[in-house]
Amino acid sequence: MKILVCISHVPDTTSKINFTDNDTKFDTNGVQFVINPYDEFSLTRAMWFKEKQGATVTVVNVGNATTEPTLRKALAIGADDAIRVNAEATDGLFVAKQLAEIVKNGGFDLVLAGRESIDYNGGMVPGMLASLLDFNFVNGCVGMEVEGTNASLSREIDGGEESLSTSLPLVVAGQKGIVEEKDLRIPNMRGIMMARKKPLNVVEPVGVDAATSTQSFEKPAPKGAVKLVDNVDDLINLLHTEAKVI
Amino acid sequence: MSVLVFADSSEGKFKKSAFEVVSYGKKVAEQLGSKVVTLSINGGDASELYAYGAEKVIEVKEDSLSTFNAKAYASIIQQTADAQNSNVVIIDSSIDGLFVAPMVAVALEAGYASNVVALPSSTEPFTVKRKAFSNKAFSNTVISTDKKVIGLAKNSFGAHENSVSGSTESFSATLPELGVSSTSVERASGKVTIADADIVVSAGRGLKGPENWGMIEELAEVLGAATACSKPVSDLGWRPHGEHVGQTGKPVASNLYIAIGISGAIQHLAGINASKVKVVINTDADAPFFKAADYGIVGDAFEVVPQLVEKLKAFKQS
Ligand SMILES: Cc1cc2nc3c(=O)[nH]c(=O)nc-3n(C[C@H](O)[C@H](O)[C@H](O)COP(=O)(O)OP(=O)(O)OC[C@H]3O[C@@H](n4cnc5c(N)ncnc54)[C@H](O)[C@@H]3O)c2cc1C
């Protein structure tokens, strides 16, 4: 099996979010970047396939040179090689089209990604990629097995879970459950040393127009202070008469 | 030209989100000076949609789609959009909505903005405000393609009654090969789900152990609410994983979120920021959650919650 894992390079979950250039750019000052948490679950599942069933695992990111440490981290976790498509990733369709090229040229039959990235929260790239390639697609995956070219998966639905069967070629957008959090891997020293020697290929983007762009960012209006009450009668009263939610 | 709204349903009944997307679609159509067309796939009684302004409802009845299939739904939405000459397609941001919308976008060669929270601020260029950075910011996004797909965030616009005398047409779309088939569905029955709930009662590690959840369930029952929890609680196995809310769990966009014994870590807040009114009950007056809350009681959950249950029961009866 040839697996491609899509890796998004995102601000760490605790990052303070600020903008510069008249609120048109994300302020990366002092921000730590990490592998997108949902992608990390999928990457771990890919490592499992590699070790238990035999597979090669390539990681890919669409981004400029600043994302390379994130790709190196994925290599240190155990991916075999990495590809960086040298372009700013600001639009889902643009990214999906770049990834589709990589999949076609690399002959991948399983593409693993995350349910959404925690920066733009678009949740659009995996589904778009599957449609562009005409691959089967499962979103929000919380469990998966592959045997030959058959795959059985489960996904989260409102209030429960659905079991699905499908076949390769396949795109899967994972989340917690595709592996458990305790099984996520932290790169060890040996992995980090080996990652330095693994190939990280930079390819130029194919020419496609972005379908969307961010005109500006804004932050939510500052919240008023909390109203503290010291008994439940007051609370019920406020929720009924002021907030009108009960 | 028209605006196409996909009114999602489950087991032959429209979801609450369907009325919200129809209300929103109607307004977008007004802004664009065009008509709104609503698509229902194995949905409920179309007159329920007329009440929210759906003057024309396209009904697809397809026995082979007794469960949701993203590829088939995407294809039906695309075929309807083509037949109705729709240049804007609106889909909710439910789990299924987020599954199908990117596929629709590719089929229509349309730009897609998900988690949109307001009407377009401009139609030329077409600009919508969407959530970004896990609810810590918004992006004003321009969609520059001729056709556009909008994913509307839950509870961001609301359902607005606007009764029209609508009409219904049936449409038989060509089904693609499904590719993915559903083998079984497991759903907790008789419980309000987090996605549908107007009120969510959530508890954290402050509850000390799973044996103490009885009072949380009772509180949820009085309020007709769904129950939820913080991540460590589901990691510890005190509650099922499906209840874990936050950045890496489920998002909550309810009208009321009651957080009991939850500290309010940034990753938890990221998943619940979109809720309108937040109430916090916590022994620690310095718990970060108080900064994000609208109302709070500094107090012990084991004293406050039982009182709240009793008083709410009395309130509901009065
Ligand atoms: C990458 C990443 C992703 C994460 N994603 C999520 C996520 O999606 N969702 C999530 O929830 N967390 C997430 N976390 C974890 C998060 O950082 C916090 O650890 C977690 O939210 C804390 O849960 P808690 O508030 O229940 O527990 P604690 O931090 O233990 O807090 C318990 C609270 O209960 C209060 N308390 C104690 N006793 C009582 C009492 N008798 N009555 C009332 N109050 C009492 C305490 O004062 C305290 O504030 C994530 C962390 C990381 C690193």
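The following legends describe close-up views of a predicted model.

**View 1. The largest cavity, lined by residues of chains A and B.** Two cavities of 30 Å³ or more are counted in the predicted model. The largest cavity holds about 50 Å³ of space. From chain A, the lining includes P11(A), D12(A), T13(A), S15(A), I17(A) and I118(A). From chain B, F133(B), S134(B), K136(B) and Q247(B) take part in the lining. By class, four of these lining residues are nonpolar, four are polar and two are charged.

**View 2. The second largest cavity, with a volume of about 30 Å³.** The lining of the second largest cavity consists of I236(A), L239(A) and I246(A) together with L223(B), I258(B), L308(B) and L312(B). Helix α6 (232-241) of chain A and helix α9 (301-317) of chain B are the elements that give two or more residues to this lining. The lining of the second largest cavity comprises seven nonpolar residues, with no polar and no charged ones.

**View 3. V233(B) in helix α6 (residues 231-235) of chain B.** V233(B) counts as buried because its relative accessibility is 0%, where buried means under 20%. With neighbours within four places in sequence left aside, the contacts of V233(B) are A203(B), G204(B), R205(B), W213(B), W238(B) and R239(B). Of these contacts, R205(B) lies 28 residues from V233(B) in sequence, while the two C-alpha atoms are 5.9 Å apart in space.

**View 4. D158(A) in the loop between β10 (150-157) and β11 (160-167) of chain A.** D158(A) is buried but forms no salt bridge. The nearest side chain of opposite charge belongs to K15(B), at a distance of 4.2 Å, whereas a salt bridge is counted within 4 Å. K15(B) is also among the contacts of D158(A) once neighbours within four places in sequence are left aside.

**View 5. Helix α4 (residues 125-133) of chain A and the residue just after it.** Within this helix, P126(A), G127(A), M128(A), L129(A), A130(A) and L133(A) are buried. Just after α4(A), D134(A) adopts a positive phi of about 60 degrees.

Terms used:
Residues numbered from 1 in each chain as written. Chains lettered and ligands numbered in written order. Predicted model: local features only at pLDDT ≥ 70, side-chain atom pairs only at ≥ 80, totals over all residues. Heavy atoms only, no water. 1 Å grid on protein atoms, 1.4 Å probe; cavity = no way out; pocket = protein on both sides within 12 Å on 5 of 7 lines; lining within 4 Å. Points joined across faces, edges and corners; volume = space filled by probe spheres on them. Nonpolar A, V, L, I, M, F, W, Y, C, P; charged D, E, K, R; others polar. Helix = DSSP H or I, 4+ residues; strand = E, 2+ residues; numbered from the N terminus. Buried < 20%, exposed > 50% of the residue type's maximum accessible area, 1.4 Å probe, protein only. Contact = heavy atoms within 4.5 Å. Lys, Arg positive; Asp, Glu negative; His and termini not counted.
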